[in-house]
Amino acid sequence: MLNIHFRPWLGLVGVFAMNLAFTQPSIQPAAEQLQQIRSRLGTARREGNWPEYLASAKQQSQFLDGSPLSRLELARAQIHLNDNRAALEELLAYARMGQASNFIETAPEFASLRETPGFAPIRRRLLKNRNPITHASVAFRLTDASLLPEDIDYDARRQRFMITSVLQHKVVSVDAAGNMADFAIAPDAWPMLALKIDSQRQLLWTTEVALNGFTVVQKSDQGRSVLLCYDLKTGQLLRRIEGPRPSALADISLIENGDVIASDGDHGGVYRLKVGGDQWERLDGGDFISPQTVAMASDSKHLYVPDYTRGIGVLDIQSKQVTWIPASGQFSLQGIDGLYRVSDTLIAVQNGTDPERVIQFSIDPSSSRILSEAVIEQATATLRDPTHAVVVAGVLYYIANSGWDVLDAAGEVEAGKSLTAPFIMRAATLR
C-alpha cells in the first residue's frame with residue numbers, strides 16, 4: 001500500500017481521501033470497511049492476482065471517491081494488466097488534484113509508463129505542482145526549537161497567542177513580538193495537543209493525550225485522553241475530564257454556546273461535551289476513520305468534519321447522518337489536520353498531501369460542493385509539516401515547521417535529524 005509520513009494519533013493514517021453520496025450512519029465502522037479492502041489488496045498483490053487487485057482497487061476508489069492515492073493504486077493495477085491508457089488517465093487525474101508524489105517518478109512498477117509519450121504532459125503537471133507558492137509571511141519564530149507546537153489560538157483581551165507543546169507537555173503564551181512564557185503544565189505529564197479559547201467565558205480548553213508508542217508515556221496510560229479547562233486569566237486548572245477509553249482526543253473545537261467538540265483521530269469518534277456537563281456524547285454513527293479539527297457550519301446544525309483518510313464530511317448533529325463533499329476529480333480533500341470556516345470558505349491545513357499545503361476552498365451555500373480552491377502556501381522551505389491555524393481579524397496565523405517530520409514512532413528525534421525553530425506564518429484570508 002502507499003503510505004505517507006508518520007502521525008501517531010491518526011489511526012489508518014493518510015492512505016486515502018473519501019467521498020460518497022448521502023449515507024446513513026454505518027452499521028460497520030468505516031475503519032473496518034477500509035481495512036477489509038486493504039486486506040484484499042494486500043492478498044491480491046502477494047499472489048500476483050492483478051485482476052483481483054484491480055477489482056479491489058476500484059472498490060477502494062469508489063469508497064474514497066477517487067482520492068489521489070486511491071488513483072495511484074488503480075494505476076498500479078492497470079500497469080500490471082498492460083492497460084497503459086487507463087493508467088495514464090489515473091495519473092493525470094492525480095496530477096489535476098494538485099499532487100506531486102515522487103513515487104510516480106521512482107517506483108519500478110511505473111518505469112514502463114514513464115517511457116510512453118503520454119507520460120510527458122503528466123510529468124510537466126507534476127513538476128508544476130511541486131513549485132513553491134506562498135501568500136504568507138513569517139509573523140514570528142518560536143524561540144524554543146524543542147517545543148513541537150501542535151495547536152494555536154488567540155487571546156484577544158491580552159493580545160497573545162496560546163500554543164500547545166507536544167514534547168514539553170505544556171501550553172505557552174506568545175506575544176506579537178514572539179516573547180514566550182509558560183501558561184500551564186500538563187498535570188499528567190502527557191503531550192498536550194488540542195487547544196481552544198472560549199473568549200466569552202474567559203476559559204482555555206486543551207487536551208493532553210497519552211500517545212500510543214511514545215516512550216515518554218507509560219504503557220499503562222497509553223490510549224487515554226483528558227480534556228482540561230483553565231482560567232484564561234490566571235492559568236488555574238478548573239476542570240479535568242477523562243475522555244472515552246480508549247481515545248486520542250487530539251483535536252477540539254468550540255461551538256457558539258460553549259460546547260466542546262472533540263475528535264478522536266485513533267478510533268474515529270466525534271464527541272460533544274455540553275457546557276457544564278461531564279458526560280461525553282458521541283455525535284457520529286461510525287462513518288469516520290480519523291476525524292480532525294471540525295468547523296461549525298453557518299446553520300449551527302452541521303459540522304464540517306475533516307477525516308484525514310476520507311475527506312470532508314458534513315455531519316448533522318441531531319441525526320448523525322453524514323454527507324461527503326465530493327472531490328469531483330479535481331480537489332484533494334484528504335490529509336487535513338486543521339479546518340476553519342471563514343464566511344463561505346473553508347481553510348484547510350493539509351500535512352497529509354504531497355506537497356503539504358495551506359489552502360482555502362470556496363463552498364456553495366448548501367455546503368454540498370466545492371466551487372474553487374486557492375493555495376495560500378505549499379512546497380516552501382518554511383512550511384514543513386504545518387499543523388493548525390487561527391483567524392484573527394481576517395488574518396490567518398498557522399504553525400509551520402512544527403517538527404513532526406523529524407520524529408519517529410516512539411516520539412523521539414530520528415538519528416541524524418534535529419528540531420529547528422518553528423514559525424508562525426501570517427496571511428490575509430482570500431476573498
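The expected span of a helix is 1.5 Å times one less than its number of residues, and the legends below describe close-up views of a predicted model.

**View 1. Helix H1 and its buried side in the predicted model.** Helix H1 runs over residues 30-47, and its 18 residues should span 26 Å at 1.5 Å a residue, which agrees with the 26 Å between its end C-alpha atoms. The buried residues of H1 are Ala 30, Leu 34, Ile 37, Arg 38, Leu 41, Gly 42 and Ala 44. They cover an arc of only 165 degrees around the axis, and therefore lie on the same side of H1. An α-helix has 3.6 residues a turn, so residues three or four places apart point the same way. Helix H2 (50-63) is included in what covers the buried residues of H1, whereas Arg 46 and Glu 47 are exposed on the other side of H1. Just after H1 comes Gly 48, which takes a positive phi of about 70 degrees.

**View 2. Strand S13 with its partners S12 and S14.** Strand S13 (residues 270-273) has Val 270 and Arg 272 pointing one way and Tyr 271 and Leu 273 pointing the other way, and all of these residues are buried. Strand S12 (residues 260-264) pairs with S13 in the antiparallel sense over four bridges, and Arg 272 in S13 is the bridge partner of Ile 261. Five residues lie between the strands in the hairpin of S12 and S13, where Gly 268 takes a positive phi near 90 degrees. Strand S14 (residues 281-282) also pairs with S13 in the antiparallel sense, over two bridges, and Arg 282 in S14 is the bridge partner of Tyr 271.

**View 3. Positive phi at Asn 82 and Ala 393.** Asn 82, a residue other than glycine, has a positive phi near 60 degrees and is found in the loop between helix H3 (68-80) and helix H4 (84-96). With 70% relative accessibility, Asn 82 counts as exposed, because exposed means over 50% relative accessible area. Ala 393, also other than glycine, has a positive phi near 50 degrees; Ala 393 lies in the loop between strand S23 (389-392) and strand S24 (395-400), and is exposed with a relative accessible area of 80%.

Definitions and conventions. Residues numbered from 1 in each chain as written. Predicted model: local features only at pLDDT ≥ 70, side-chain atom pairs only at ≥ 80, totals over all residues. Heavy atoms only, no water. Buried < 20%, exposed > 50% of the residue type's maximum accessible area, 1.4 Å probe, protein only. Pairing = 2+ DSSP bridges. Arc of directions from axis to C-beta. Contact = heavy atoms within 4.5 Å.
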